[in-house]
Amino acid sequence: MAEPSNATSNDSASELVKQLSEQTSRLVQQEMELAKAELSVKGKQVGIGAGLFGGAGVFGLYALGALTAAAIAGLGEAVAVWLAAVIVAVLWAAVAGVMALVGKGRVEAGTPPVPEQTVDSTKEDVRWAKESAQRGRR
């Protein structure tokens, strides 16, 4: 085995602890700076992605408008254009109504936002602890 160098063997334990503390502090500080830099880069990427999602939503809405106009124009070949517009509007209203009802059901299923199983489990744990304490006193 190699012998420790004279520099470290001559250092007192308190100096070694001081060096360890300083190096640990420096390491933690450097890790925090690295984490900040990494989160900054990731945050910018998330921001760009969110902006692109927003743009996609806008262009999707434009596409839906164009599709609606095409449906009205196509249906206008068979019936009066005003009637075609009413038919397409009623169709979109029906889709919106179904989506609203399904959404309402999902919201009601998720409310109140209380973890019911966890509450029940905790109540059971409290009951068990009380019973155990009572048995221990007997």
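Analyst: Arg 127 has a relative accessibility of 39%, so it counts as partly exposed (buried is under 20% relative accessible area, exposed is over 50% and partly exposed is in between, with a 1.4 Å probe and protein chains only). Before going on, note that this is a predicted model, where local features need pLDDT of at least 70, side-chain atom pairs count only at pLDDT 80 or more, and totals for chains, interfaces and linings use all residues. Residues are numbered from 1 along each chain as its sequence is written, and side-chain values use heavy atoms, with hydrogens and water left out.

Back to Arg 127: its side chain meets that of Glu 131 in a salt bridge, 2.6 Å from N to O (the term means a side-chain nitrogen of Lys or Arg within 4 Å of a carboxyl oxygen of Asp or Glu). Both residues sit in helix α4, residues 116-137, four residues apart, which is about one turn of the helix. Helices here are DSSP runs of H or I with at least four residues, strands are runs of E with at least two, and the numbering starts from the N terminus. Glu 131 is partly exposed as well, because its relative accessibility is 34%. Salt bridges with shared partners tie Glu 124, Arg 127 and Glu 131 into one network.

In helix α3, Lys 104 and Glu 108 are four residues apart, about one turn of the helix, and their side chains meet at 3.3 Å, N to O. Lys 104 is partly exposed, with a relative accessible area of 49%, and Glu 108 is partly exposed with 49% too. About one helical turn separates Lys 36 and Glu 33, because they are three residues apart in α2. Lys 36 is exposed at 51% relative accessible area, whereas Glu 33 is partly exposed at 46%.

Now the rings. There's one aromatic pair by the rule used here (rings of Phe, Tyr and Trp, the last by its six-membered ring, pair if their centres lie within 6.5 Å; planes under 30 degrees apart count as stacked, over 60 as edge-to-face and the rest as tilted). The pair is Phe 59 with Tyr 62, and it's edge-to-face because the planes are at 90 degrees, with the ring centres 5.7 Å apart. Being three residues apart in α2, Phe 59 and Tyr 62 are separated by about one helical turn. Phe 59 is exposed at 59% relative accessible area, and Tyr 62 is exposed at 55%.

As for the greasy surface, Leu 61, Leu 64, Leu 67, Leu 91, Trp 92, Val 95 and Met 99 make a nonpolar patch of about 680 Å². The elements giving two or more residues to this patch are α2 and α3 (81-110), and α3 gives the most, with four. Patch members have over 30% relative accessible area and no salt bridge; like charges are joined within 9 Å and nonpolar side chains (Val, Leu, Ile, Met, Phe, Trp, Tyr) within 5 Å. The areas come from the Shrake-Rupley method with a 1.4 Å probe, and for residues only the protein chains shown count as cover. Met 99 lies in α3 and is exposed, at 59% relative accessibility.

Finally, Thr 68 in helix α2 (residues 13-75) counts as buried, at 17% relative accessibility. Leaving aside neighbours within four places in sequence, Thr 68 is in contact (heavy atoms within 4.5 Å) with Val 88 and Trp 92.
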